[in-house]
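User: I've got a new structure to look at with you. Can we go through it step by step?

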Amino acid sequence: MALGLHMAITNDHGQMPTHAHTMVAGWLMSAVFALFYHLFPAIGQKTIAVIHFWLTAVSGIALMIGLYFELAGHPEIEPVLASSSIGFYAGMLLFAFISLPAIWKKAGAS
């Protein structure tokens with residue numbers, strides 16, 4: 001949000017992709033993860049859920065920082081941006097692996 005406010009005040013919207021990725025990957029997806037683990041607390045206690053948290057948290061933060069510097073004119077950050085993007089994608093696949101069976105099981109029990 002601070003980045004969005006900064007862009008509005010300075011009327012420089014060059015970091016709009018960083019802001020959008022921060023809001024979607026950082027905020028929206030974190031809210032989805034939190035809601036799922038709130039609804040399925042036993043799954044949230046498993047080691048795989050802890051791995052999911054750290055994978056998405058670390059790669060998401062690196063993704064946002066890397067994207068910021070890439071758009072600020074530092075192409076040498078590309079390897080960090082690429083690896084963090086792959087890490088965040090892997091976290092999304094891991095979340096699907098964790099959540100879909102639980103949701104399907106609950107839907108079948110209803």
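User: Let's start with Phe-33. Which helix is it found in?
Analyst: Phe-33 sits in helix H2. Helices here are DSSP runs of H or I with at least four residues, strands are runs of E with at least two, and both are numbered from the N terminus.

User: Before we go on, what kind of model is this?
Analyst: It is a predicted model: local features need pLDDT of at least 70, side-chain atom pairs count only at pLDDT 80 or more, and totals for chains, interfaces and linings use all residues. Residues are numbered from 1 along each chain as its sequence is written, and side-chain values use heavy atoms, with hydrogens and water left out.

User: Back to Phe-33. Buried or exposed?
Analyst: Phe-33 has 7% relative accessibility, so it counts as buried. Buried means under 20% relative accessible area, exposed means over 50%, and partly exposed is in between (1.4 Å probe, protein chains only).

User: And how far is Phe-33 from His-74?
Analyst: Their C-alpha atoms are 32 Å apart. Along the chain, Phe-33 and His-74 are 41 residues apart.

User: Let's talk pockets. How much space lies in the largest pocket?
Analyst: About 170 Å³. A pocket is found on a 1 Å grid over the protein atoms alone: it is an open set of points with protein on both sides within 12 Å along at least five of seven lines, and lining residues have an atom within 4 Å of a point. Grid points are joined across faces, edges and corners, and the volume is the space filled by probe spheres set on the points.

User: Which residues lie nearest its centre?
Analyst: Ser-30, Phe-33, Phe-53, Thr-56 and Ala-57, out of 13 lining residues. H2 (16-39) and H4 are the elements that give two or more residues to that lining.

User: What classes are in the lining?
Analyst: Eight lining residues are nonpolar, five are polar and none is charged. Nonpolar covers Ala, Val, Leu, Ile, Met, Phe, Trp, Tyr, Cys and Pro; charged covers Asp, Glu, Lys and Arg; the others, Gly among them, are polar.

User: New topic: at what angle do H4 and H5 pack?
Analyst: H4 (residues 47-71) and H5 (residues 78-109) pack at about 150°, with their axes 8 Å apart. Axes are lines fitted to C-alpha atoms, for helices over the stretch in contact, and angles run from 0 to 180 degrees between N-to-C directions. H4 and H5 are therefore roughly antiparallel. The cut-offs are under 35 degrees for roughly parallel, over 145 for roughly antiparallel, 65 to 115 for roughly perpendicular, and oblique for the rest. The contact of H4 with H5 has 15 nonpolar, nine polar and two charged residues.

User: What about H2 and H5?
Analyst: H2 and H5 pack at about 25°, with axes 11 Å apart. They are therefore roughly parallel.

User: Now Asn-11. Where is its place?
Analyst: Asn-11 is in the loop between H1 (2-10) and H2. Its phi is near 55°, a positive value in a residue other than glycine. Most residues other than glycine have a negative phi. At 61% relative accessibility, Asn-11 counts as exposed.

Notes. On a 1 Å grid over the protein atoms alone, a cavity is a set of points where a 1.4 Å probe fits but cannot get out, and a pocket is an open set with protein on both sides within 12 Å along at least five of seven lines; lining residues have an atom within 4 Å of a point.
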